[in-house]
Amino acid sequence: MKPLLDIQRLSVDFNTKRGVLHALHEVSLTIKAGEAVCLVGESGSGKTIASKAVMRLLGHENGSIVNGRIALSGLDLNSLTQSELRAVRGKRMAMIFQEPMAAFDPVYTIGYQLVETIRRHESMSKSAARKHAASLLGRVGIPEPELCMKQYPGELSGGMLQRAMIAMALSCGPELLIADEPTTALDMTIQAQILRLLKELQKEFGMALFLITHDFGVAARVADRIAVMYAGRIVEQAPAQELFARPRHPYTRGLIESAFMPDRERGEKLPAIPGSIPNLNALPEGCVFHPRCLHATDRCRVSEPPTVSFSGSEVACWHASELPGVSPMPESRPPLSESGGAGGTGWGRMHAASEGEDLFRVEGLYKDYPLRSGLPGRPRAHIRAVDGVSFTIRQGETLGLVGESGSGKSTLGRLLLRLEPATAGTLFFQDTNLTGIGASKLRRMRKDMQMIFQDPYGSLDPRWNVGELVGEPLDVHLRLKGADKKERIEEILAAVGLDPSVMNRYPHEFSGGQRQRIGIARAIALNPKFVVADEAVSALDVSVQAQIVNLLQDLQKKMGLTYLFIGHGLHVVRHISDRIAVMHQGRIVEISPSRQLFRRPAHPYTRALIASIPHPDPQVQAEPDRMDGEPLFSTRTLSGCRFRMRCPLATDRCREERPELRRLDGEQYAACHNPLL
Amino acid sequence: MRERLNLNIMLGKRELRPYRTGGLRPRSYNVLLIAAAAAIAWFAGCAIAPDWLAPYPPTEMSSDSLMQPPSWAHPFGTDYFGRDVLSLVVYGSRDSLFIGVASILIGGLAGGAIGAISGYIGGLTDAVFMRAVDVLMTIPGVLLALAVASALGPSLFNMVAAVSLGTIPGFARLMRGQTLGIKNRPYIVASRSVGVTRFGIYWKHVLPNSLSPLVVMATLGIGGSILTGSGLSFLGVGVLKEIPDWGELLSQGRSYLTVAWWICTFPGLAIALLVLSVNVIGDWLRDRLDPRRRGEAN
């Protein structure tokens with residue numbers, strides 16, 4: 001059977017000020033009609049460029065196809081004129097983008113934009129097109145299609161917009177649907193819904209799906225076949241099951257391991273791919289992966305491996321035939337930090353780690369944000385971000401905090417450090433009441449409480465070099481000078497696995513993972529007792545996440561730190577946390593020891609969250625606990641339990657009475673009238 | 001070791017070039033930059049020592065060569081009094097540069113300070129300052145300058161004060177917007193979490209990051225200020241001087257534009273050249289001061 005999409009030896013170059021970048025190198029990929037193919041790669045691997053090359057959208061960015069051909073059922077896309085292309089785009093192949101918000105024009109209604117797209121390709125009356133559009137919106141699971149037609153993009157949530165985007169892509173019945181990271185911007189539970197929808201639609205409409213993602217979890221849910229991309233090359237390509245069962249390329253193995261972080265003992269090192277993705281203008285010689293590969297030999301350093309076939313999978317690795325027998329990722333090598341002088345003098349002071357003692361005690365914490373500030377001093381409506389939260393964090397433990405976006409978890413983190421004032425409630429750090437102290441006392445207290453930020457790009461002042469950045473907390477609290485300060489900075493940099501020689505470099509010269517190390521260096525510079533890690537690894541590439549998690553655990557052991565680890569990636573939180581608190585719309589709905597939470601979740605919401613964690617084996621991927629609907633954002637406080645609208649177990653009592661957090665079993669607490677235990 | 005190696009690979013060719021810290025030393029020399037620097041040096045020379053650079057005294061009138069087109073004797077031609085236009089341009093540079101640079105400096109400092117305070121402190125302070133700036137903005141610049149200059153009386157300093165007043169709202173608005181944008185960046189929260197004081201954060205993080213658009217706007221504003229100054233002179237509230245500045249030359253020559261184009265063309269070119277040069281230097285300065293672009297700037 002002839003393939004629907006046939007990409008042969010495609011190479012794409014970009015002309016930039018600094019010279020020509022070879023973004024894609026001899027990429028070959030075929031997609032059969034009705035097949036779902038996933039292209040998996042980290043940021044900078046060229047996967048998005050591949051999808052844009054298929055849509056012929058490269059010209060806008062100085063990219064050009066220098067070699068190879070792309071054919072859609074025999075039609076050479078490369079040779080089409082712009083007007084011929086317009087007939088193909090949208091009609092025969094359609095695209096879904098990562099940011100649904102950016103893909104819609106904010107000044108037209110959803111309905112208008114849908115009708116316009118339909119009428120561009122089909123000769124249809126306006127009313128027929130409207131009817132068609134409404135039925136499509138209904139099909140993609142939008143509750144009130146007619147209402148949605150009249151709404152503007154800004155009025156819909158991200159998940160709903162992505163559904164509308166899918167409806168638009170489907171509007172002319174394309175043979176090929178290209179989806180570029182369609183769920184990355186969405187919450188875990190919504191992500192599961194959208195992927196399920198895509199898979200259903202693919203079957204129903206008999207289209208081929210070309211899905212681009214960085215997340216093996218997404219690929220596992222959707223793909224029939226998976227291609228793994230690294231530095232502009234496809235390094236491995238195989239049917240999904242084969243790939244997960246027998247990953248042959250070391251990079252594939254590493255990615256799969258980092259993406260799923262199988263349940264292992266806490267404190268055990270995660271297997272991590274060292275280093276980070278190379279820049280396209282400085283690719284290594286030989287196999288492009290060899291500097292990060294644990295199996296690299298001299299041959300890999302010199303010559304580039306050809307793509308060879310093994311029972312259904314195609315691999316570009318010199319050692320592909322030897323690897324499947326080896327257990328995935330052999331012994332993890334010690335992180336760089338231990339080669340530095342980390343264990344040295346400066347880290348002598350361990351906090352008297354009397355385990356179990358409370359470090360933080362939070363009682364009845366509230367935070368309201370004014371929605372519209374009217375006249376000064378007269379705010380009107382409020383949105384309650386944190387709604388009566390009480391818990392404790394013990395000395396030396398890691399408390400994980402999970403929840404969908406908008407659940408108030410980041411706000412809670414900032415409230416604990418008093419980066420924002422709480423509306424009501426008390427906060428005890430050891431014996432100090434943080435809500436009652438003045439600004440200068442608070443500044444002195446900051447020495448003991450630090451934060452690691454989500455965004456490694458934005459949280460470092462671009463005008464400061466690494467030495468100055470790491471030195472800033474030292475300036476504020478210790479007033480170290482000259483050689484003492486320099487020595488201390490070098491010590492801290494070594495502890496987070498950075499070479500002290502980077503002191504004079506600026507943040508923009510580093511990769512995401514290395515910047516996050518700089519952020520961590522700032523946080524630990526003062527030898528704090530408590531660190532809030534606010535989505536500290538969410539913005540990083542999958543292969544780098546594991547490195548940072550390992551580093552955080554190392555530092556915890558060495559320095560006796562207590563963490564509040566905020567995250568939405570449940571598997572990461574599971575690995576690092578002793579206890580986990582689950583947050584839903586400003587309230588903690590469950591708090592329990594990590595393993596217990598995963599084995600026996602008590603709250604239906606927790607169960608749904610756990611069900612949304614993808615599993616590597618597509619076979620095991622049973623139909624998860626469906627959780628439909630989305631979190632409500634409302635200024636009106638919903639009576640009773642806030643989860644009841646989405647809860648399969650909701651009763652009348654849930655509507656009337658708000659459940660309080662109560663102890664169920666040992667250390668497990670849940671706020672639910674009908675706990676699952 | 002592996003990671004270190006990878007860092008080197010990632011940084012690519014920058015690795016081969018030792019990183020220079022500090023200083024404003026250009027890495028390679030750019031023709032445009034040199035030309036701009038030379039032009040500014042020349043104007044500065046004119047302002048400091050016009051006697052050496054002008055071929056004739058500015059007040060010398062020769063009745064036998066009125067309104068002569070450019071020639072070897074008078075490269076820029078002569079005006080309706082028979083004065084040499086080149087000499088007038090050279091002598092006029094002193095007042096023009098002074099009015100342009102000083103009024104932008106004063107306006108930029110005052111406007112920048114107002115914008116910074118209202119953006120950073122916010123709340124009531126912001127409301128009060130910005131309404132005041134809005135009021136200032138509603139009055140056309142020339143009218144405002146006219147009123148102030150006539151109230152203060154004719155002198156060079158009063159003229160500078162009058163011209164700078166009109167530039168304040170623009171700077172204040174720009175600086176406020178910059179400050180508002182910067183103060184919500186994650187790295188500001190990061191500094192707060194480390195315990196830096198409010199003023200410390202402003203001084204070390206917000207100010208350096210918010211300055212570069214202001215620099216660009218200031219360099220562009222110099223030309224405008226020279227023209228506003230000349231407008232005042234034209235309207236008769238400027239300084240009564242023996243030696244006209246560029247703006248006055250422009251307005252004097254305007255009525256002869258059809259018969260003697262050179263009278264106002266050359267002072268106009270001088271203004272354009274000055275503004276262009278200051279802009280090139282300003283751009284370069286901005287790039288040099290920004291570590292993210294230091295690699296590209298030259």
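These legends go with several close-up views of a predicted model.

**View 1. Chain B is built from helices.** Chain B has 12 helices and 0 strands. Of its 298 residues, 47% count as buried. Take the contacts in chain B between residues at least 6 apart in sequence: 70% of them join residues at least 24 apart. The chain exposes about 14,400 Å², and carbon and sulfur atoms supply 69% of that area.

View 2. Four residues make it: B:V101, B:L105, B:I106 and B:L109. Together they give a nonpolar surface patch of about 390 Å². To get your bearings, find B:V101 in helix α4, which covers residues 85–121 of chain B. B:V101 has a relative accessible area of 37%, so it counts as partly exposed.

**View 3. B:D287 is a buried aspartate in helix α12.** Helix α12 takes in residues 262–289 of chain B, and B:D287 is part of it. The relative accessible area of B:D287 is 15%, which means it is buried.

**View 4. A:R463 reaches across to chain B.** Look for A:R463 in the loop of chain A between β18 (449–452) and α15 (466–477). Its relative accessibility is 15%, so A:R463 counts as buried. The side chain of A:R463 makes a polar contact with the side chain of B:N209, at 3.0 Å. Setting aside neighbours within four places in sequence, A:R463 is in contact with A:E468 and A:Y506 from chain A. From chain B, its contacts are B:P208, B:N209, B:S212, B:L289, B:D290 and B:P291.

**View 5. A:D534 is buried without a salt bridge.** This aspartate lies in strand β19 of chain A, residues 530–534. Which side chain of opposite charge is nearest to A:D534? That is A:R414, 4.7 Å away. A salt bridge needs the nitrogen within 4 Å of the carboxyl oxygen, and A:D534 has none. The side chain of A:D534 does make a polar contact, though, with the side chain of A:S410 at 3.1 Å. Leaving out residues up to four places away in sequence, A:D534 touches A:S410, A:M451, A:I452, A:F453, A:Q454 and A:I566.

View 6. The closest N and O atoms of the salt bridge between A:R384 and A:D368 are 2.9 Å apart. The pair links distant parts of the chain, with A:R384 in strand β14 (residues 382–394) and A:D368 in strand β13 (residues 358–370), 16 residues apart. A:R384 counts as partly exposed because its relative accessibility is 39%, whereas A:D368 is buried at a relative accessible area of 15%. Widen the view and you can follow a network of salt bridges linking A:D368, A:R384, A:D387, A:R587 and A:R642.

**View 7. A:R394 and A:E667 meet in a salt bridge.** The N to O distance between these side chains is 2.8 Å. A:R394 lies in strand β14 of chain A, and A:E667 lies in the loop between β23 (662–665) and β24 (668–670), so the pair ties together parts that are 273 residues apart in sequence. A:R394 is partly exposed, with a relative accessible area of 22%. A:E667 is partly exposed too, with a relative accessible area of 34%.

Technical notes. Residues numbered from 1 in each chain as written. Chains lettered and ligands numbered in written order. Predicted model: local features only at pLDDT ≥ 70, side-chain atom pairs only at ≥ 80, totals over all residues. Heavy atoms only, no water. Helix = DSSP H or I, 4+ residues; strand = E, 2+ residues; numbered from the N terminus. Buried < 20%, exposed > 50% of the residue type's maximum accessible area, 1.4 Å probe, protein only. Patch = residues over 30% accessible without salt bridge, like charges linked within 9 Å, V, L, I, M, F, W, Y side chains within 5 Å. Areas by Shrake-Rupley, 256 points an atom, 1.4 Å probe, with all protein chains shown as cover. Lys, Arg positive; Asp, Glu negative; His and termini not counted. Polar contact = N/O pair within 3.5 Å; in protein donor to acceptor, adjacent residues only side chain to side chain. Contact = heavy atoms within 4.5 Å.
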